Amino acid sequence: MAQLIRRLSSKFIRKRNLPDVVERFVEDDFGVTSAYRHGYPNQPSCFAFDQVSRLLAIGTKDGFITLYGRPGVEQRFAHDQTVAVTQILFLPNKQLLTVCGGISTVYLWNLVDETGHVFPFLLKSCKIPCHAGKEKISFGHLPVHSDFIYLGTTFGNIYTVNAKTCKSSNYIIYWSNAVKPPNSKKSHHHDHSSHPGEVVGIVEPPAEPSRLLIAYNSGLMIIWNLNKKESSGINAEYGGTCRMLLRDLLKMISV
């Protein structure tokens with residue numbers, strides 16, 4: 001039976017006058033796209049959690065951000081450039097600030113649409129006026145009850161951006177001014193002509209919101225008076241490199 005079928009099919013194929021097939025597709029007509037994503041984002045670089053909206057945001061090295069909420073809530077969006085997301089800050093009114101330190105740019109996002117569903121879209125972006133090629137954003141901090149985010153750089157300067165309008169401010173803390181002794185008095189612990197390194201931490205004392213505690217990777221820590229625009233205290237006795245600043249309700253700890 002199998003041999004009969006093969007003979008009949010071979011005779012049928014010989015007698016058929018098959019037309020020539022003209023291939024109309026080219027290489028540009030094909031492409032690989034992602035239809036569905038599942039699991040942890042690839043190459044995560046930072047994350048943030050908002051206790052009010054109960055949303056978790058994870059940034060990646062290729063500029064993507066994934067939002068996770070209650071079961072079934074997951075949104076993924078990207079920046080206009082393929083650069084690493086270095087910091088994420090949640091804001092009131094269901095907004096989000098993302099920092100791309102490599103290009104010294106801050107992005108302001110809305111997290112929900114008019115219907116109340118989680119659907120992030122870009123509102124504004126702001127590039128800080130830093131020295132191109134010399135400094136990048138190394139640390140950002142948004143104090144409690146403040147509209148301004150303080151952005152420290154690898155060159156030791158600190159720039160300010162209005163978190164509501166996403167516009168840069170003229171208030172800049174240059175490292176050369178920050179390391180000056182209080183009241184121009186000389187200090188025997190630190191050479192104030194030497195560079196302190198990049199900014200690795202910025203926090204505000206709980207009882208003194210008009211001041212900032214700034215830490216550099218050289219180990220230098222200073223207290224900056226925002227109103228007087230001068231340093232009110234310098235601590236250069238810390239041995240080792242300052243990596244992180246932790247803030248609680250009663251005290252400040254450096255580790």
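Author: Start with a term: a residue is called buried when its relative accessible area is under 20%, exposed when it is over 50%, and partly exposed in between. Keep in mind that this is a predicted model.

Reader: Is Cys 126 buried or exposed?

Author: The cut-off for a buried residue is under 20% relative accessible area. Cys 126 has a relative accessibility of 8%, so Cys 126 counts as buried.

Reader: How many disulfides are there?

Author: A disulfide needs two cysteine sulfur atoms within 2.5 Å. The closest cysteine sulfur to that of Cys 126 belongs to Cys 166 and is 5.2 Å away, which is too far for a bond. Cys 166 is in no disulfide either, as its nearest cysteine sulfur is that of Cys 126. By this rule the count of disulfides is zero.

Reader: Where does Cys 166 lie, and what is its relative accessible area?

Author: Cys 166 sits in the loop between strand E11 (158-162) and strand E12 (167-173). Although Cys 166 is not a glycine, its phi is positive, at about 55°. Cys 166 is buried, and its relative accessible area is 4%.

Reader: Gln 43 is not a glycine; what is its phi?

Author: Gln 43 is placed in the loop between helix H1 (2-15) and strand E1 (44-50). Gln 43 is partly exposed, with a relative accessible area of 42%. Its phi is positive, at about 55°.

Reader: Which residues make the nonpolar surface patch of about 260 Å²?

Author: One member, Leu 123, is in strand E8 (residues 118-127). A patch residue needs over 30% relative accessible area, and Leu 123 is partly exposed at 37%. The patch is made by Leu 123, Phe 119 and Phe 121.

Reader: How far apart in space are Phe 139 and Gln 87, C-alpha to C-alpha?

Author: Phe 139 is in strand E9 (residues 137-141) and is partly exposed, with a relative accessible area of 24%. Leaving aside neighbours within four places in sequence, its contacts include Gln 87, Tyr 150 and Val 199. Phe 139 and Gln 87 are 52 residues apart in sequence, while their C-alpha to C-alpha distance is 7.8 Å.

Methods
Residues are numbered from 1 along each chain as its sequence is written. This is a predicted model: local features need pLDDT of at least 70, side-chain atom pairs count only at pLDDT 80 or more; totals for chains, interfaces and linings use all residues. Side-chain values use heavy atoms; hydrogens and water are left out. Patches are made of residues with over 30% relative accessible area and no salt bridge: like charges are joined within 9 Å, nonpolar side chains (Val, Leu, Ile, Met, Phe, Trp, Tyr) within 5 Å. Accessible areas come from the Shrake-Rupley method with a 1.4 Å probe; for residues, only the protein chains shown count as cover. A salt bridge is a side-chain nitrogen of Lys or Arg within 4 Å of a carboxyl oxygen of Asp or Glu. Helices (H or I, at least four residues) and strands (E, at least two) are DSSP runs, numbered from the N terminus. Buried means under 20% relative accessible area, exposed over 50%, partly exposed in between (1.4 Å probe, protein chains only). Contact means heavy atoms within 4.5 Å.
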